[in-house]
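Okay, thanks for coming, everyone. Let me put the structure up on the screen, and then we'll walk through a few parts of it together.

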Amino acid sequence: MAFDFKKEYKEFYMPKNAPSIVEIPKMNYIAVRGKGNPNEEDSEYKKTIGLLYGIAYTIKMSYKTSHKIDGFFEYVVPPLEGFWWQEGFKDTLDYNDKEGFNFISVIRLPDFVTREEFDWAIEEATRKKKQDFSKVEFLEYEEGLCVQCMHIGTYDDEPKTVEAMHQHMTDLGYELDIDENRLHHEIYLSDPRRCDAKNLKTVVRHPIKKVK
């Protein structure tokens, strides 16, 4: 049996489809930055996914990272995630202006993976796959206090879930805290190629702070 982040950290990956407040610790990620409409056939976003998984599986299969996680020698590669924003760091993404989307696509790294092992994986994947992985970076990110919710449905319907999240945080005495360092966050639990759009499961998360 392999260690599965979704099962072991359900509070981060499997929240209920009702808003809740959560404190997210610092995590390390494989990351690629980009811009533009993610739905376009040859989009920059879609190209980042192959880069991320190329490094994620190089690390997973490497003898250099054969450490135990809570007694497990194997682990399931965590789900694809994304940090998103538009110019001005708006409170809610404007889905009518996808060309203005900026993103950081990420996959979480196990805590034991060092920057040195990450750098080795970049070199190893470049050598074996004959592909340019220079855009891939090691990202440390501490998300902190957030409101989150499981969104079920299409990505374009997310504003309804976001509205409920914002109402929940306001009711509890919090306010939104989105800026260049704290961003709209999505965790993709479904594969849109294999799942009906109405059944897609996506964790949506926004940074918040207590009202002074």
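Let's start with a pair of helices: α3, residues 44–60, and α4, residues 115–129, pack with their axes 9 Å apart and at an angle of about 110 degrees. Quick note on words: helices (H or I, at least four residues) and strands (E, at least two) are DSSP runs, numbered from the N terminus. The axes are lines fitted to C-alpha atoms, for helices over the stretch in contact, and the angles run from 0 to 180 degrees between N-to-C directions. So α3 and α4 are roughly perpendicular to each other; by the cut-offs, under 35 degrees is roughly parallel, over 145 roughly antiparallel, 65 to 115 roughly perpendicular, and the rest oblique.

Before I go on, this is a predicted model, where local features need pLDDT of at least 70 and side-chain atom pairs count only at pLDDT 80 or more, while totals for chains, interfaces and linings use all residues. Residues are numbered from 1 along each chain as its sequence is written, and side-chain values use heavy atoms, with hydrogens and water left out.

Back to the pair. Which residues of α3 meet α4? They're G54, I55, T58 and I59, and on the α4 side you've got F118, W120, A121, I122, E124, A125 and K129. Contact here means heavy atoms within 4.5 Å. By class, that α3 and α4 contact has seven nonpolar, two polar and two charged residues. Ala, Val, Leu, Ile, Met, Phe, Trp, Tyr, Cys and Pro count as nonpolar, Asp, Glu, Lys and Arg as charged, and the others, Gly among them, as polar.

Now each helix by itself. With 17 residues at 1.5 Å a residue, α3 should span 24 Å, and its end C-alpha atoms are 25 Å apart, which agrees. The expected span, by the way, is 1.5 Å times one less than the number of residues. Buried residues of α3 include Y45, L51, L52, I55 and I59, buried meaning under 20% relative accessible area, exposed over 50%, and partly exposed in between (1.4 Å probe, protein chains only). The buried residues of α3 pack against β1, β2 (80–85), β3 (102–108), α4 and β6.

As for α4, its 15 residues reach 21 Å from first C-alpha to last, close to the 21 Å expected. E117, F118, A121, I122, E124 and A125 are its buried residues, and what covers them includes β1 (20–35), α3 and β4 (137–152).

What comes just after α4? That's K130, with a positive phi of about 55 degrees although K130 is not a glycine. You'll find K130 in the loop between α4 and β4, and at 72% relative accessibility it counts as exposed. F89 also has a positive phi, near 50 degrees, and F89 lies in the loop between β2 and β3. At 25% relative accessible area, F89 is partly exposed.

Next stop, strand β6, residues 184–188, where H184 sits. Is H184 buried or exposed? Buried, because its relative accessibility is 4%. The H184 side chain makes a polar contact of 2.8 Å with the side chain of E186. A polar contact is a pair of N or O atoms within 3.5 Å; within protein, one must be able to donate a hydrogen and the other to accept it, and residues adjacent in sequence count only if both atoms are side-chain atoms. Leaving aside neighbours within four places in sequence, H184 touches, among others, W84, Y95, E158 and H206.

Last one: K6, in helix α1, residues 5–8.
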